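Reader: I'd like to go through a model with you, feature by feature. Could you give me the general idea each time, and then the case at hand?

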Amino acid sequence: MPPLSSTDVRRLKLIAMVLAGGQGERLYPLTRDRAKPAVPFGGIYRIIDFTLSNCINSDVRRIFVLTQYKSSSLDYHIHFGWNVLSPALGEFIRTIPPQQRITESWYLGTADAIFQNIYTLEQERPDLVLILSGDHIYKMNYRAMLEAHFAKNADLTIACIPVPREQAKLFGVAVVDTDSRIIDFQEKNPTAPTIPGSPDLCLASMGVYLFNTRTLVREVSIDAKTDSQHDFGKNIIPKIIHSHAVYAHDFMDMNKKPIKYWRDVGTLDAYWESNMDLVAVDPLFNLYDPDWPIRTAPHQAPPAKTVFNDPWPGGRRGLTLNSLLSPGCIVSGGFVENSVLCPGVRVEEQARVTESIIMDGTVIGRGCVVHRAIIDKGVHVPDGITIGVDTRADRDRYVVTDRGVTVVPREMRYT
Amino acid sequence: MATILIVEDDDHQQLLYQEVLQEEGYNVIVARSGKEALELAQRVTPDLVVLDIAMPGMDGIETLGRLLSKNNQLPIILHTAYATYKDNFMTWSADAYVVKSSDLTELKKEIERVLAKRGEGKK
């Protein structure tokens, strides 16, 4: 079968549905005022930008984003930042809040989110539905998945990533035969079977599903009439592998590193770590590859700036090392290392910021020490404050994660 | 005795289905519109609903969704003169789709089948 061209993909009757309704409770307080896909990431991005960029780069250009909780900033981001397709050509990125057309509850699970939007599928009548999560950081070529789906004549193809056997307990694991057909699917089972020929690896589901529409609609409609958890991983997939052609697809990673990169930034520690994956000299996750650009809402801001070069140590010296520095930042006589600074951050003299994520418009006052911290937007940290050095003391005032990352909520006041 | 709610706007058909299903031994109640069906289903909790699609006001597809939003396990058979709705995804959450005919054998068979399935689920 010949590979699909860009034009081939655009001509497919394919729509993407991005599930962007999760509450993201384990990312609290970053999700106190925003949906998880709208949480800032990597300086200038929001988490959902990675999935949407994958779509655009794969020529998937009919995209519905299913929003739900606290969707206002996500909605704004998509309308303002992703108004890049031409509805006149049948291409779009549209957000859909819950319509309560066939139920009075909010989405009960991933399958219920699709069931509640069957009206949209009926209006569009696609042949294929690509179900994506708005919560994941990865670079995936969905075109390769489409090719695999057609080659296997599958009803459902599930994108998977090989993970060390010890991590099977964290994921839905696909048990496959030598033809990649899924013969069993085990949700978060520490003793799930390994990949044939690779006794140390399991095949973890990435929550990326390519369905033939009729199979999808049939199955979510049946599931809706049961009292299951209405979840693809827990209910739909384990059931339909026995009756349908369900295949695993080892995803085509466009990150070009020896180990495939895919992260569900579901917890504060995972969020902090995947931001740190960006700052290394040879970053695990590469934002700078022009072959697979990650785009976001354009941000108007002056260039980032460092100020002061007094004799050092002792004097004021604006210094930023191994860090991401977004537009509008001013490092004014402070020291920043291994950190991610979002737009408009200010680091005042003699302040030290290390291994931290500082979000838009936050000011780190003179002489502050900030280590292994996440400071949300619009915080004015007064002069001389220490964050993340004494995590025991921090626990009285902030959220501190299991791995000792201190999190300061948005617009926290220090008076 | 199973209670069947018939939702049908046409008087003659209403009478026909009511008589035939009563002969079959079912307890039958009738609603003339989607709106009435929603009210009745709340009050009576039928064991099965036979639902017309083309009705003035709220049509059967909308009624189907609203009935399921109140009780997602309520068995519903769509019963319509048109075969075209069968391919409409919105109708796929019904338990059966029967095209109206003067011969009611299929309707009776489907009612029996859906009720039996439901009975199994309860065991």
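Author: We'll take the interface, then the sheets, then a few local features. Keep in mind that this is a predicted model.

Reader: Fine. How much area do chain B and chain A bury between them?

Author: The size of an interface is often given as the accessible area lost when the parts come together. Here chain B and chain A bury about 1,600 Å² between them, with 55% of that on carbon and sulfur atoms. On the chain B side, the residues that lose the most area to chain A are F89(B), M90(B) and W92(B), together 46% of what that side buries. Counted as contacts, 16 residues of chain B meet 19 residues of chain A.

Reader: And how many salt bridges cross the interface of chain B and chain A?

Author: The rule finds 3 across that interface. Take R214(A) and D87(B): their closest N and O atoms sit 3.0 Å apart.

Reader: Which helix of chain B gives the most to the side that touches chain A?

Author: That's α3 (residues 60-70), with 4 residues on the side of chain B that touches chain A. That side as a whole divides into 7 nonpolar, 6 polar and 3 charged residues.

Reader: On to the sheets. What is the strand order in the open sheet of chain B?

Author: Strands of a sheet pair through backbone hydrogen bonds, either parallel or antiparallel. In chain B, the 5 strands run β2-β1-β3-β4-β5 and the pairing is parallel. β2 (27-31) and β5 (96-99) of chain B are at the edges with a single partner strand each, so one side of each has no neighbour in the sheet. Direction ignored, neighbouring strands of this sheet are turned by 20° against each other on average.

Reader: How many bridges join β1(B) to β2(B)?

Author: There are 5 between β1 (residues 3-7) of chain B and β2(B), and the two strands run parallel. For one landmark, find V7(B) and look across to A31(B), its bridge partner in β2(B).

Reader: Which strands does helix α2 of chain B touch?

Author: Helix α2 (residues 34-44) packs on the sheet against β1 and β2 of chain B, and its direction makes about 140° with that of β2(B). As for α3(B), that helix lies across β3 (48-51) and β4 (76-80) of chain B, at about 165° to β3(B).

Reader: What about the open sheet of 5 strands in chain A: what is its order?

Author: Read it as β14-β17-β20-β23-β26, again with parallel pairing. The edges are β14 (305-307) and β26 (380-381) of chain A; each has a single partner strand, so one side of each is left without a neighbour. β23 (residues 363-364) of chain A pairs with β26(A) in the parallel sense over 2 bridges, and I364(A) stands opposite V381(A).

Reader: Which parts of chain A does the pair R143(A) and D59(A) tie together?

Author: First the pair itself: R143(A) and D59(A) form a salt bridge, with the closest N and O atoms 3.0 Å apart. R143(A) lies in helix α6 (residues 142-152) of chain A and D59(A) in the loop between α2 (48-57) and β4 (62-67), so the bridge ties together parts 84 residues apart in sequence. Over all chains, the count of salt bridges comes to 32.

Reader: Last one, backbone angles. Is the peptide bond from Y28(A) to P29(A) cis or trans?

Author: Most residues other than glycine have a negative phi, and most peptide bonds are trans. The bond from Y28(A) to P29(A) is cis, with omega near 10°. P29(A) is in the loop between β1 (14-20) and β2 (40-41) of chain A. Also check H230(A), a residue other than glycine whose phi is positive, near 55°. H230(A) is in the loop between α7 (213-224) and α8 (232-240) of chain A.

Key
Residues numbered from 1 in each chain as written. Chains lettered and ligands numbered in written order. Predicted model: local features only at pLDDT ≥ 70, side-chain atom pairs only at ≥ 80, totals over all residues. Heavy atoms only, no water. Contact = heavy atoms within 4.5 Å. Buried area = accessible area lost by both parts, 1.4 Å probe. Salt bridge = Lys/Arg side-chain N within 4 Å of Asp/Glu carboxyl O. Nonpolar A, V, L, I, M, F, W, Y, C, P; charged D, E, K, R; others polar. Pairing = 2+ DSSP bridges. Axes fitted to C-alpha atoms, helices over the stretch in contact; angles between N-to-C directions.
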